Structures are given as C-alpha cells and as structure tokens.
Amino acid sequence: MDQPLPGPGEAIVEVAAAGVNFLDVYHREGRYSLPLPFTPGAEGAGTVVEVGPGVADVAVGDRVGWVEIPGTYAERAVVDSSRLVPLPDDIGFETAAAVLLQGMTAHYLVKDAYPVQGGDTVLVHAAAGGMGLLLTQLITHLGGRVIGTTSTTAKAELAKRAGAAEVILSSAADDLAAEVKRLNGGQGLPVVFDGVGAHTFDASLASLRTRGHLVLFGAASGAVPPFDPMRLAHGGSLTLIRPSLGDFIADRSELLRRAADVFEWVRSKALEVTVTGRYALSEAARAHSDLEARRTTGKLLVVPDAAALGRREETQS
C-alpha cells in the first residue's frame, strides 16, 4: 500500500506513543461523532519524517507531540503542522504522550474554568485515574485542599500519594454529598471537578456551597440527562460549565503556552506522570476495555507492536 503524502500545511509523524483517553472511547461509541472511517486516538508523540508544502512550524527530524487530532493509534499519522508541539530535549515521547492532553486539560480546568486559589477545598471525582491524579497534584500545588472519590482502597492510597487530603470510597458512601460536607466542617465546597458524569452529577451539585461551581469536564459513566436549570437556582445560585479542551487551545500561541506550562510542571515535579499500562497497537481494544471497566489507574499508552514486544522482553530479562 502506498504511503500517504502530506498535503499543504501537513506533516507525517512516526508515532512513538499514543495516549489512551475516554475521548477515544467516546469517538468509538459515536458519542462524539467523527466522519467514518477514522483511526482512533487523539493524543500522541513522535518524530516528523516528512512535511508538505508551506510547512514552517516544524521540520523533518523534529520531536513533537499533539492533542485532539484523530489518528494516533497508528505507526504513522498525518497531522496539521500548526497543531504540533515541539518537545523539549528533556521530555521523552512517552511522557509527552501521557501528559499533553490530560495535562493541558488540567491546566485550563484549574486556571480558567475555575481558578483555584490557596485555601480552596475542592472535590475531585475519580481521583486515582489519569486525569484525577493530575488534577489532585495541581490543585495541591496551587495551595488547594483536595477531597477525592475513588472506587477502591488501593485507588484511595494512590490519590493520597498524589496529595488528596481526604478520600471517600464512592461505593461505601450512602450519601456522598453529606460525607463531603462532613469532611469540610459541615460546609459546601466552592467547586467540584467532575469527569464521571451521570453517576456523580446529583452528588456534585449537592456538595456545593451557595454560588458554588460545578465543572463537568467528562462523562465516564455516561452523559448527564437533561435537567431543569432551576435546580441551579434552588441549589444556591450555582453555576455549571461543560468545557472542552479544544476551545482553550484553539489559538497556536495558547496551545504552546499551555504545553510549556505543563512541561515545566513535569520538570519541577509539580506533576508526576504515572504510566501504568502499555499496550501494543494490536491490543488497543483491550486498553479500552480495561479503561472502561475501571481496572486501571494512572495513564495508559498504545505503542507500536515492536516497541511493546521489546519492552516486555526487557522486563522479563
């Protein structure tokens, strides 16, 4: 089969690693529709091997990462060169593929969707997941106090190691909002970061103080059903935002600025990237199954089959 040629403004990247995200599951399910056929994966890192006419942002041989561009579960990907982020020498491919999408998501959540201030007590759902761990670390870094939810005691320990002050086992809490308020001296919270969706939405609203903010950034448990906006008024003039990363990196200068901040946080250890699973391209379906079944913590990657095999041999030797 002939190799694709880059068009004007495009680059072909040899993919070294691709991040696995619930966004990929949503694309597969059709929840966020893409034109068919499509290649899954929206976050990756690798080396530019060819550029099309008019490309000025990158050159052949550059190490780059990217987000929200479909097609990373592949050996090579065709990417709009204006969306490629040059990687610093001290940021490896796996680190970039593991941190860019979720790291920049965490960045806009705590800097823009709700600017976290020192002294804020914040609820983070699924605090031991890849996104939850990054959010917990950043909120703690900014001087906030995190109450996290997890599904198991083992995951609770991970959340605490990331900086969570308190962790609630969601499976054991009869009234999650009441437990949140108990842990906050009987008071509601200024903000809840909710990437779970349907299963946690009611408890998230009930956990807020007057004029509190619900930042609903995902739907791991399914979409939130339609509701009467008067619930926000009755809850105490609450606000709800359903943000998306693409709107916060639409401009290249903003994309590069957020990426640079994320890389600096990694460099300074404010963010520690935890890759807990590496799947060969041929095992991508299993990566999705494990993610959906909540059998994982931290970040999952899909890597070329040869790289995955080499890593296993290295581990076994």
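Modeller: Before we look at this predicted model, one definition is needed: helices are DSSP runs of H or I with at least four residues, strands are runs of E with at least two, and both are numbered from the N terminus.

Biologist: With those names settled, which elements each supply at least two residues of the lining of the largest pocket?

Modeller: They are helix H1 (22-29), helix H2 (93-113), helix H3 (130-141), strand E7 (145-150) and strand E13 (299-303), and H2 gives the most, with 4 residues.

Biologist: What makes a residue part of that lining, and how many residues line the largest pocket?

Modeller: A lining residue must have an atom within 4 Å of a point of the pocket, and 42 residues line this one, with Phe22, Met131, Gly195, Phe217 and Ala220 lying nearest its centre. The volume of the pocket is about 950 Å³, and its lining divides into 19 nonpolar, 18 polar and 5 charged residues.

Biologist: What makes a space a cavity and not a pocket, and how many cavities of 30 Å³ or more does the structure hold?

Modeller: In a cavity a 1.4 Å probe fits but cannot get out, whereas a pocket is an open set of points; the structure holds 1 such cavity of 30 Å³ or more. About 80 Å³ of space lies in the largest cavity, and its lining includes Ala98, Val99, Gln102, Leu133, Leu134, Gln137, Glu272 and Lys299. The elements that give two or more residues to this lining are H2 and H3, with the largest share, 4 residues, coming from H3.

Biologist: How is the lining of the largest cavity divided by class?

Modeller: There are 5 nonpolar, 5 polar and 2 charged residues, and Gly, which is present there as Gly130 and Gly298, counts among the polar ones.

Biologist: How do you know whether Arg161 is buried or exposed?

Modeller: Arg161, found in helix H4 (residues 153-161), has a relative accessibility of 64%; since exposed means over 50%, Arg161 counts as exposed. Arg161 and Thr136 are 25 residues apart in sequence, and their C-alpha atoms are 9.7 Å apart in space.

Technical notes:
Residues numbered from 1 in each chain as written. Predicted model: local features only at pLDDT ≥ 70, side-chain atom pairs only at ≥ 80, totals over all residues. Heavy atoms only, no water. 1 Å grid on protein atoms, 1.4 Å probe; cavity = no way out; pocket = protein on both sides within 12 Å on 5 of 7 lines; lining within 4 Å. Points joined across faces, edges and corners; volume = space filled by probe spheres on them. Buried < 20%, exposed > 50% of the residue type's maximum accessible area, 1.4 Å probe, protein only.
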